[in-house]
Amino acid sequence: MAQRTSRRAFLGAGSVGVAAAALGLLAGCGTGTDRQVSGSPPARGRRVVVVGAGLAGLVAAQRMAAGGMDVTVLEARERVGGRTWTLRDGFGEEEVDPADAQHADAGGEFVDADHVRLQSLVGEMGLALDPVGDRGEDLVVRRGVALSSARFAAEHDMDAAAMAVAHTVLPMLRDIDPADAPASEHAARYDATSVGEFLTGLDISEPARWMVARTLIDEFTVPLEDLSLLAFLQVAALNWELDDDEREGWRIRGGSQQICERLARGLDRVETGAALRRVEQRGDVVVAHTEQAAYTADHLVLATPLPPLRTVSFDEPPPDRVRQAIAELGYGVGGKTMLRYPHRFWRDADWSGSAVTDLGIGSLYEAHDAQPGTGGILSTYTAGEAGVAAAAIDAADRMAAAGADIAELAALAGIDRSPAPSGARSVMWQTEAASGGTYTAYRPGQVTALWRALRQPFGRVHLAGEHTDTYTGYMEGAVRSGERVAERILGG
Ligand SMILES: Cc1cc2nc3c(=O)[nH]c(=O)nc-3n(C[C@H](O)[C@H](O)[C@H](O)COP(=O)(O)OP(=O)(O)OC[C@H]3O[C@@H](n4cnc5c(N)ncnc54)[C@H](O)[C@@H]3O)c2cc1C
């Protein structure tokens, strides 16, 4: 996030940081009732079960249903959307004037210029994009001092630091094949190095190093020692050519989750509260078992993140590398605490509401700044070590602590009237069992070991999700992966 732009605003910024039947009746099909996946017998090879009603699963389901396949979607949660989750419930306030009802995205939020499949889907679903606002100064708060980001950049010569980083990183990007990262030149060497080690070796000032690190932690949501340099370079190689305007990005008007809600409405069978427990591959069919039922199909799309698959039993074990990925693939830690204020006090002070800080909240920005209403929502982006610390306390304490941090920040910035928040919500994604983290963040050594295995079907099982795509960690990656799996199965 950071700098009120898309999550991935790093290289090229003006300065660094600133810069998932009859055959189902076969014996041993588990705990529940057996169900065919269609009312009338579908053509052989045309039945698909998709596990996971996030963007990847629902896009795959919609494309396959449109292609004449018989599709059933199973979703563990009682809602669709997965890591797109738009909170619209008043933020704990008991009575909210409907005219002042507001929303914030707890997960995927920003749409970048190069997220073309996502943008196309937004149009297809009849939704609109709002540009991310540019209202007032951004702040940097460090060691008890609040500065505008422009002043921080000037005082710490961030342009020189950005040049130094670019000078080191840009030549490395020539080695990188973003579509097949393990094929990159020096892949093994880059993958064996952590971004933390790499940063230590850069000849930049200590404040500049702090800012670069803060920006990268917001971007990848892990402590930088846990992030493969090759993973960082792969992402940088995708988008380093975007100019500053393109980095400003958009949000989906009304919230990102609407895409999944609209996709689900267009499908015949989306079952919520239906968590996959067991996968049985039997001859030329695959059977997906939930607690309640068994679903027999010709193809199974696993469009869940990998951590929830640790509790799924596979009668026929997936390939070794896939098992390793399920057990070990790095995922980000942290999330957002969203505080609603009765009025947008930050605007009175010509502050955008955005800040990069060394406080417990991490970073901060105004959620859906284009939405109407007197009130407004400030959303923290609390990731990496701060994300671990935030998840260790209960949500009520976390929300209170975030409010206190924002009050402190406002006081440091000389903003004398910061009201108490009137409501708050907080989501830390590593504590969400059906997610297991924010999004993929390959650990050192994992790109070369696991990248390709995530892109291969095994038997009748196909993986989909952001973790299987070039646009790792983005909504764009989820959409692309769903489209790709649908195309493969339809073409099969
Ligand atoms: C805090 C945060 C900020 C982000 N910011 C951005 C951003 O600004 N821009 C951007 O492009 N992306 C962003 N992302 C990433 C983006 O949200 C994800 O990449 C994308 O939504 C992932 O979609 P998916 O379909 O791969 O997975 P998911 O959305 O996780 O969908 C998987 C589904 O599978 C379900 N499931 C899990 N286990 C089971 C089971 N056993 N049985 C049945 N169902 C199961 C889950 O409940 C879920 O609904 C952010 C993510 C987070 C967490």
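**First stop: strand β20**

Select β20 and display its side chains: Gly376, Leu378, Thr380 and Thr382 point one way, Ile377, Ser379, Tyr381 and Ala383 point the other way, and all are buried. Buried here means under 20% relative accessible area, while exposed means over 50% and partly exposed lies in between, with a 1.4 Å probe and protein chains only. Since 8 of the 8 residues of β20 (residues 376-383) are buried, the strand is largely enclosed by the rest of the structure.

A note on the source is needed here: this is a predicted model, in which local features need pLDDT of at least 70 and side-chain atom pairs count only at pLDDT 80 or more, whereas totals for chains, interfaces and linings use all residues. Residues are numbered from 1 along each chain as its sequence is written, and side-chain values use heavy atoms, with hydrogens and water left out.

Strand β17 (residues 334-341) runs antiparallel to β20 and is joined to it by 6 bridges; Gly334 stands opposite Ala383. Strand β19 (residues 363-366) is also antiparallel to β20, with 4 bridges, and there Ser363 faces Tyr381. Two strands pair if DSSP finds at least two bridges between them.

**The whole chain**

Of the 492 residues, 60% are buried. The accessible surface is about 18,300 Å², and 50% of it belongs to carbon and sulfur atoms; such areas come from the Shrake-Rupley method with a 1.4 Å probe, and for residues only the protein chains shown count as cover.

**The five-stranded parallel sheet**

Now select the open sheet of 5 strands with the order β11-β3-β2-β15-β22, in which the pairing is parallel. At its edges stand β11 (270-272) and β22 (461-463), each with a single partner strand, so one side of each is left without a neighbour in the sheet. From one strand to the next, the twist averages 20°.

Within this sheet, pick β2. How many residues of strand β2 (residues 47-51) are buried? The count is 5 of the 5, so β2 is largely enclosed by the rest of the structure. Arg47, Val49 and Val51 point one way from β2, and Val48 and Val50 point the other way.

Follow Val51 to both of its partners. On β3 (residues 70-75), which pairs with β2 in the parallel sense over 5 bridges, the bridge partner of Val51 is Leu74. On β15 (residues 299-302), which pairs with β2 in the parallel sense over 4 bridges, the bridge partner of Val51 is Leu302.

Then move to β3 and β11, which pair in the parallel sense over 3 bridges; Glu75 stands opposite Thr272 in β11.

**A three-stranded antiparallel sheet**

Select the open sheet of 3 strands with the order β6-β10-β7, where the pairing is antiparallel. Its edge strands are β6 (110-111) and β7 (129-131), each pairing on one side only. Between β6 and β10 (residues 250-252) there are 2 bridges, and Phe110 stands opposite Arg251.

**Two helix pairs**

Display α2 (residues 116-124) with α16 (residues 475-491). These helices pack at an angle of about 80°, with axes 8 Å apart, and are therefore roughly perpendicular to each other. Axes are lines fitted to C-alpha atoms, for helices over the stretch in contact, and angles run from 0 to 180 degrees between N-to-C directions. Angles of 65 to 115 degrees count as roughly perpendicular, under 35 as roughly parallel, over 145 as roughly antiparallel and the rest as oblique. Val116, Arg117, Leu118 and Leu121 in α2 meet Met475, Glu476, Val479, Arg480 and Glu483 in α16.

Stay on α16 and select Ser481, which lies in that helix. At 0% relative accessibility, Ser481 counts as buried. Leaving aside neighbours within four places in sequence, Ser481 is in contact (heavy atoms within 4.5 Å) with Ala56, Ala464, Gly465, Glu466, Thr468 and Asp469.

Finally, select α4 (residues 158-173) and α8 (residues 229-239), which pack at about 85° with axes 10 Å apart. Val169, Met172 and Leu173 in α4 meet Leu229, Phe232, Leu233, Ala236 and Ala237 in α8.
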